[in-house]
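Work through the following exercises with the model open beside you, and try each task before reading its solution.

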Amino acid sequence: MSGAALGLEIVFVFFLALFLLHRYGDFKKQHRLVIIGTLLAWYLCFLIVFILPLDVSTTIYNRCKHAAANSSPTENSNITGFHATATPVPSQHPCFKPWSYIPDGIMPIFWRVVYWTSQFLTWILLPFMQSYARSGGFSITGKIKTALIENAIYYGTYLLIFGAFLIYVAVNPHLHLEWNQLQTIGIAAANTWGLFLLVLLLGYGLVEIPRSYWNGAKRGYLLMKTYFKAAKLMTEKADAEETLEDVMEEVRKVNESIKYNHPLRKCVDTILKKCPTEYQEKMGRNMDDYEDFDEKHNTYPSEKSLVKLHKQVIYSVQRHRRTQVQWQILLEQAFYLEDVAKNETSATRQFVHTFQSPEPENKFLQYFYNPTVEWYWECLLRPWFYRILAVVLSIFSVIVVWSECTFFSTTPVLSLFAVFIQLAEKTYNYIYIEIACFLSIFFLSICVYSTVFRIRVFNYYYLASHHQTDAYSLLFSGMLFCRLTPPLCLNFLGLTHMDSSISHQNTQPTAYTSIMGSMKVLSFIADGFYIYYPMLVVILCIATYFSLGTRCLNLLGFQQFMGDNDMTSDLVDEGKELIRREKRKRQRQEEGENRRREWKERYGHNREDSTRNRNVHVDPKESNLSDISTNRSASKYTRANNRTERDRIELLQDVEPLDFNAETFTDDPLESEPGRSFLYPPFRYQPGGRYLSMSHSRIFDDV
């Protein structure tokens, strides 16, 4: 079992990273190198988090073993006679191998490979791949050239700083740094940058994650927030459609100016392949491939302008597709939350859906998760489960904040994480040690990584689920994970006093801290920044609790969801109206499909029989002549008829239906207005299914 735990965790973490990447990325459309680079970055970071508890338990066992080896001569000297040979000391010592023990020499090599690979990804490879993915070049050489130019300042800054440091060391006669010390300085610089960003993200996640679950248990909170998101997403969706139209207009002009025998025609064809299908068909119909270009009289775009246009097409198409998918997902979520609000007052205690799911339901899941179970979970149990979970997460957050402020104290030990680990170390309960370490570092990772998944930097960085994340955002998330994970693990080892630089004890360090080197080379970082900067998490938690960041964004014009804001109320009302309109449209579509289905079932067979009998008595010559004339007329007027029919269908779909029973029907699931009714004076509805005028002229009797 020594290497089985390590192997199982390596395999499990790989499939976990693959699952998350499949949820956010698109394996079919995105470049393979982007998928491989992001998967490797996520996999290495998750692997560090899952393997570190095994390193802690193995280190505790090695400390116990070395302590027993050092104390065995004194114990043997006190034992006399046959007792020394009859009862060996190691059997009396409480040290025993943990089930997940990793042999000596494996963990240092493992950590060294994982750490330096992640650093190579985050500082060199992934930034280059970001520029390569965003480049609008038409060849691999052009994309590489663009990526090198964009990263010249990025790489040059680091080389300049490193060169200046080497010159300072060479000139100063009092400094004699070896390669190991230079390596330690580089690691300390990377961890300092990561710790600076880590505390900012951790302070937000420690408050926001418990609060999100607590607010999720409130009645109507999620529905109001969904209405708010709908209003904002509709604005973004309209902006994306307008941007796509403008870019497609530019593509159309370029497509018409550059003909088939122009040297840049291949570049135009590459741009057309990235356009949506409907735009490709429109541009293909208006293209005359037999018209030559005239280099003397016409002006043509340059290759540089085509590269810029190609980049705009990629960005606008991806953004348009993302907003369309997110709008459909948000509609399904809003409809479901409205169903939850309506079913809370149900007397039958069975969950009723307004719209059936388009995907086929699993019979096994449908058997256990029936409407009754769904009602008890959604309307009764889930709010209480969220409240209990929010309380538990809040307790964890308080423990983390307290330990971050007191982990530097060794006598007495004030860090609660260190207290728990030391109590388990006295009894050598390795299973408890690994569980406590895993839960602690897992909670810290969730607080940090969830913030990375939630933040959005305009439209440049945004992790969207359901395969809607672009290549640039995926690579940027891999960079952030690789920079945040090493300082996160060092901070965790400091909280548990497993780092000798924090505990100030001459004990065997963990294999992870051994590859980091001794921080005594930079004492002002080891004894100053690493200890006192994490205390800033208290101020960040207070700022997050009072939503200071959200209020500042509102003042700057970026609308955020706040319950006591007039702008939020206006956007909630706007989103409610948008959801109501989409709901009516879907109801009309379902009613139309049901009517067509009933019509086919009722009259379809009779129509087929009458048509078959009518065709039996038709003269073959007349039928041939009629077929010829029909084909001619159809070929002549097909396009016009299709266009008119399409316009009629769109006009009929946009018409709002008459509300025949407005006294009992309401679209608002949270509040009903019994006095509200929509009356149309010119018409009245009869139970027979006809619309009659209020006057007695009976105009529509023959309709």
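**Exercise 1.** In which loop does His466 lie, and is this residue buried, partly exposed or exposed?

*Solution.* Bear in mind from the outset that the model is predicted. Begin with the location: His466 lies in the loop that runs between strand E2 (461-462) and helix H17 (471-495). Next, consider the backbone, where the phi of His466 is near 60 degrees, a positive value in a residue other than glycine. Finally, take the accessibility: His466 counts as partly exposed because its relative accessibility is 35%, and partly exposed covers the range between the buried limit of under 20% and the exposed limit of over 50%.

**Exercise 2.** Describe the backbone and the accessibility of His467.

*Solution.* His467 is found in the loop between E2 and H17. Although His467 is not a glycine, its phi is positive, at about 65 degrees. With a relative accessibility of 33%, His467 counts as partly exposed.

**Exercise 3.** How many disulfides does the structure hold, and what is the nearest cysteine sulfur to that of Cys489?

*Solution.* The count is 0 disulfides. For Cys489, which is in no disulfide, the nearest cysteine sulfur belongs to Cys45 and is 8.9 Å away, whereas a disulfide requires a pair of cysteine sulfur atoms within 2.5 Å. Turning to accessibility, Cys489 counts as buried because its relative accessibility is 0%, while Cys552, with a relative accessible area of 47%, is partly exposed.

**Exercise 4.** Which residues gather in a patch of negative charge on the surface, and which residues make a nonpolar surface patch of about 620 Å²?

*Solution.* Take the charged patch first: the residues gathered there are Glu242, Glu245, Asp246 and Glu250. One of them, Glu250, is found in helix H9 (residues 221-257), and at 39% relative accessibility Glu250 counts as partly exposed. Then turn to the nonpolar patch, to which Val457, Phe458, Tyr460, Leu553, Leu556 and Phe558 contribute a surface of about 620 Å². Among these residues, Tyr460 has its place in the loop between strand E1 (456-457) and E2.

Conventions:
Residues are numbered from 1 along each chain as its sequence is written. This is a predicted model: local features need pLDDT of at least 70, side-chain atom pairs count only at pLDDT 80 or more; totals for chains, interfaces and linings use all residues. Side-chain values use heavy atoms; hydrogens and water are left out. Patches are made of residues with over 30% relative accessible area and no salt bridge: like charges are joined within 9 Å, nonpolar side chains (Val, Leu, Ile, Met, Phe, Trp, Tyr) within 5 Å. Accessible areas come from the Shrake-Rupley method with a 1.4 Å probe; for residues, only the protein chains shown count as cover. A salt bridge is a side-chain nitrogen of Lys or Arg within 4 Å of a carboxyl oxygen of Asp or Glu. Lys and Arg count as positive and Asp and Glu as negative; His and the chain ends are not counted. The place of a charge is taken as NZ of Lys, CZ of Arg, CG of Asp or CD of Glu. Helices (H or I, at least four residues) and strands (E, at least two) are DSSP runs, numbered from the N terminus. Buried means under 20% relative accessible area, exposed over 50%, partly exposed in between (1.4 Å probe, protein chains only).
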